Amino acid sequence: ADPELRVQGLTALAMLGGKAGKAIDTVRVALGATEPAVAKAAVGCVLAMPPADGRKAAPDLQRLAASAADEELKAFAAEAVKRLQPGAAPPPAGKK
């Protein structure tokens, strides 16, 4: 599929917030995308989900944080891993 369309779809899914958790398997596939923009959108989508759903993607996020070629994606994935830890503080207001 067209990477631009995948990014748009993931962005729309993230807007659903709590309901996005139902699509965790699809989002996990997108975390493995070769296009950094798609993977970044998938990380954002994971963070928009309830933490219990987002944690299902922890192995994928850890892999990205350890080995993504794109440094911005690597940092975003590492931040997501931290934010999904049980007991983690929520992000500051206005920041995702």
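Me: Helices (H or I, at least four residues) and strands (E, at least two) are DSSP runs, numbered from the N terminus. With that in hand, where does L31 lie?

Reply: L31 lies in helix α2, whose run covers residues 24-31. Before we go on, this is a predicted model, where local features need pLDDT of at least 70, side-chain atom pairs count only at pLDDT 80 or more, and totals for chains, interfaces and linings use all residues. Residues are numbered from 1 along each chain as its sequence is written, and side-chain values use heavy atoms, with hydrogens and water left out.

Me: Thanks! Why is L31 called buried?

Reply: Buried means under 20% relative accessible area, exposed over 50%, and partly exposed in between (1.4 Å probe, protein chains only). L31 has a relative accessible area of 0%, so L31 is buried.

Me: Which residues does L31 contact, leaving aside its neighbours within four places in sequence?

Reply: Contact means heavy atoms within 4.5 Å. By that rule the partners of L31 are A39, A42, V43, V46, A57, D60, L61, R63 and L64. Take A42 as an example: it sits eleven residues from L31 along the chain, and their C-alpha atoms are separated by 5.5 Å.

Me: Let's go back to helix α2, where A30 is found. Why is A30 called buried?

Reply: A30 has 4% relative accessibility, so A30 counts as buried. Beyond four places in sequence, A30 touches R6, L10, V38, A39 and A42. The C-alpha atoms of A30 and R6 are separated by 8.2 Å, although the two residues are 24 apart along the chain.

Me: Now for a loop. Why does K22 count as exposed?

Reply: K22 reaches 80% relative accessibility, and therefore counts as exposed. You will find K22 in the loop between α1 and α2. K22 and C45, 23 residues apart along the chain, have C-alpha atoms separated by 12 Å.

Me: And why is Q8 called partly exposed?

Reply: Q8 stands at 45% relative accessibility, so Q8 counts as partly exposed. Its place is in helix α1.

Me: Which residues of the largest nonpolar core touch the most other members?

Reply: A nonpolar core is a set of buried Ala, Val, Leu, Ile, Met, Phe, Trp, Tyr and Cys residues joined through side-chain atoms within 4.5 Å. The largest one here has 30 residues, and V27, L31, V43 and L61 touch the most other members. Helices α1 (3-15), α2, α3 (36-48), α5 and α6 (71-83) each supply at least two of its residues. The largest share, nine residues, comes from α3. In soluble globular proteins, nonpolar side chains tend to be buried together.

Me: How many helices and strands does the protein chain have?

Reply: There are six helices and zero strands, which makes the order from the N terminus α-α-α-α-α-α.

Me: What makes this chain as compact as a globular protein of its length?

Reply: The radius of gyration is taken over C-alpha atoms, and the globule rule is 2.2 Å times the number of residues to the power 0.38. The chain's radius of gyration is 12 Å, close to the 12 Å that the rule gives for 96 residues, so the chain is as compact as a globular protein of that length. Along its principal axes, the C-alpha trace spans about 35 × 30 × 25 Å.

Me: How much of the chain is buried?

Reply: Buried residues make up 38% of the 96. Among contacts with a separation of 6 or more, 61% join residues 24 or more positions apart.
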